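Welcome, and thanks for taking a look at this one.

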Amino acid sequence: MQVRVENLYFLLCYAWGHFEERDLVEIAADDARTAEELFARVLVTASRRLLRQRLDRGYRADVDDLRRPRGKIHFARTAARGVEVRGVLECGFDDTTEDVLHNRIIKATVKRLAMVDGLSKELRHGLLTIAREMPTVADVPISAQAFQRVQLHSNLRRYRLALNVCALLHRCLLPDERTGRWQFRSFAGDEREMGLLFESFVREFLAREQRVFPKVERTRIRWVVEGETNGLLPGLNTDITLRLPGHAVVVETKCYGAPLVSGQFGNSATLRSKDVCQLVAYLANFRAAGDRLAGVLLYAVDRPTVPPTRMRLLGHDVYVLELNLNQPWQELDRALHDLVEVLAATESGEASHPHAAAV
């Protein structure tokens with residue numbers, strides 16, 4: 001799938017909950033031609049901001065011979081070593097240091113990204129400058145588990161954007177054993193990776209940009225079933241559920257290279273049967289809650305593919321819509337707000353086919 005570079009930045013800002021930082025980096029198609037240039041620009045900007053605000057410091061246990069004691073004095077060890085004759089005492093104390101895990105992750109990532117072919121000289125210099133301005137932070141290899149060990153309290157929210165970029169780069173940068181450098185594996189062509197990003201983006205966008213539905217969340221639906229299932233039925237977990245008293249909309253996001261498939265016996269292209277069956281299962285079992293329901297199949301595309309459609313299915317309004325991620329951001333933003341209007345209109349049942357077509 002082809003996704004405009006500036007759109008990729010906005011998708012990530014929403015998906016990661018950094019919509020207030022959308023303007024932190026001015027991203028235009030001419031500025032960042034590739035995803036790796038985009039992430040380099042974002043990481044340099046976010047890291048410079050951290051350096052200006054001063055890097056976070058943590059406590060590290062230390063032991064030293066001091067003329068002016070501090071912390072805990074080790075009398076037994078001092079006597080055993082005989083250092084008191086030099087007028088010093090061995091002391092154990094906590095000292096502050098910038099050599100903490102989240103700073104190590106940033107330093108390791110900027111150095112690794114600087115070794116990717118194709119970056120401009122300016123961006124490469126900016127990345128290496130960040131590393132040089134962190135001299136007290138150790139150069140250590142970073143594993144995937146390191147990101148799980150990072151604990152950022154509320155006072156360290158300023159680190160979240162940089163660390164999210166670092167985590168994504170950790171998955172996308174692969175070593176080139178032939179050259180000793182690093183290669184960037186674009187995730188835009190990875191249906192699973194892009195699918196998760198698209199789902200998170202749409203959910204966060206709707207949570208922030210619409211006011212009709214007070215609840216926007218993932219929902220676990222219980223099967224309407226009799227008898228003993230022995231745990232054999234799969235889970236029913238929606239991508240997005242918008243709810244207000246008496247009404248709910250289930251939105252299923254899909255991201256395929258080819259959203260439609262050829263019909264049997266040479267018929268015209270159709271939706272994938274698993275997509276329709278999945279939405280039908282949600283609508284059929286959600287009914288136990290007594291809510292009036294509507295359903296949406298929302299496809300991410302890079303060119304016009306899926307005709308906007310409204311139908312009645314199992315007595316519910318069902319919409320089939322698409323969002324073109326390869327159009328200029330201004331047009332994508334308008335399409336997203338048209339989607340918000342379609343969803344809002346389901347509350348009164350007034351949504352119409354022309355309105356859906358605008359998405």
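Why does Leu233 count as partly exposed? Leu233 falls in this class because its relative accessibility is 39%, and a residue counts as partly exposed when its value lies between the buried limit of 20% and the exposed limit of 50%. Please keep in mind that this is a predicted model. Its mean pLDDT is 85, with 91% of the residues at 70 or more.

**Confidence**

**The surface patch around Leu233**

- Leu233 sits in the loop that runs between strand 7 (220-221) and strand 8 (236-237).
- Together with Trp223 and Val225, Leu233 makes a nonpolar surface patch of about 240 Å².

**Glu252, a buried acidic residue**

- Glu252 belongs to strand 10, which covers residues 247-255.
- Glu252 counts as buried because its relative accessibility is 0%.
- A polar atom of the Glu252 side chain lies 2.8 Å from the backbone nitrogen of Asp239.
- Beyond residues up to four places away in sequence, Glu252 touches Asn237, Thr238 and Asp239, as well as Gln278, Leu279 and Tyr282 and the run Val296, Leu297 and Leu298.

- Helix 1 (residues 5-15) is mostly covered, with 11 of its 11 residues buried.
- Among these buried residues are Glu6 and Asn7, along with Leu8, Phe10 and Leu11.
- Which helices do the buried residues of helix 1 pack against? They pack against helix 2 (35-52), helix 7 (160-172), helix 8 (191-209) and helix 10 (329-345).
- Gly17 follows helix 1 and has a positive phi, near 75 degrees.

**His170 in helix 7**

- His170 is a residue of helix 7, and it counts as partly exposed because its relative accessibility is 23%.
- Setting aside neighbours within four places in sequence, His170 is in contact with Arg112, Ile142, Ser143, Ala144 and Phe147.
- His170 and Ala108 are 62 residues apart in sequence, while their C-alpha atoms are 10.0 Å apart in space.

**Salt bridges**

- How many salt bridges does the count come to? The count comes to 16 salt bridges.
- Glu90 and Arg81 form one of them, with their closest N and O atoms 2.6 Å apart.
- Glu193 forms a salt bridge with Arg171, and the closest N and O atoms are 2.8 Å apart.
- This pair links distant parts of the chain, with Glu193 in helix 8 and Arg171 in helix 7, 22 residues apart.
- Arg171 counts as partly exposed because its relative accessibility is 41%.
- The side chains of Glu199 and Arg218 also meet in a salt bridge, at 3.6 Å from N to O.
- Here too, the pair links distant parts of the chain: Glu199 is in helix 8, Arg218 is in the loop between strand 6 (215-217) and strand 7, and the two are 19 residues apart.
- Glu199 is buried because its relative accessible area is 9%, whereas Arg218 is partly exposed because its relative accessible area is 47%.

- Arg54 is not a glycine, yet its phi is positive, near 80 degrees.
- Where is the place of Arg54? Arg54 is in the loop between helix 2 and strand 1 (58-66).
- Arg54 counts as exposed because its relative accessibility is 60%.
- Leu314, likewise not a glycine, has a positive phi of about 55 degrees.
- Leu314 lies in the loop between strand 14 (309-313) and strand 15 (316-324), and it is partly exposed because its relative accessible area is 42%.

Key: Residues are numbered from 1 along each chain as its sequence is written. Side-chain values use heavy atoms; hydrogens and water are left out. Patches are made of residues with over 30% relative accessible area and no salt bridge: like charges are joined within 9 Å, nonpolar side chains (Val, Leu, Ile, Met, Phe, Trp, Tyr) within 5 Å. Accessible areas come from the Shrake-Rupley method with a 1.4 Å probe; for residues, only the protein chains shown count as cover. A salt bridge is a side-chain nitrogen of Lys or Arg within 4 Å of a carboxyl oxygen of Asp or Glu. Helices (H or I, at least four residues) and strands (E, at least two) are DSSP runs, numbered from the N terminus. Buried means under 20% relative accessible area, exposed over 50%, partly exposed in between (1.4 Å probe, protein chains only). A polar contact is a pair of N or O atoms within 3.5 Å; within protein, one must be able to donate a hydrogen and the other to accept it, and residues adjacent in sequence count only if both atoms are side-chain atoms. Contact means heavy atoms within 4.5 Å. pLDDT is the predictor's confidence in each residue, from 0 to 100.
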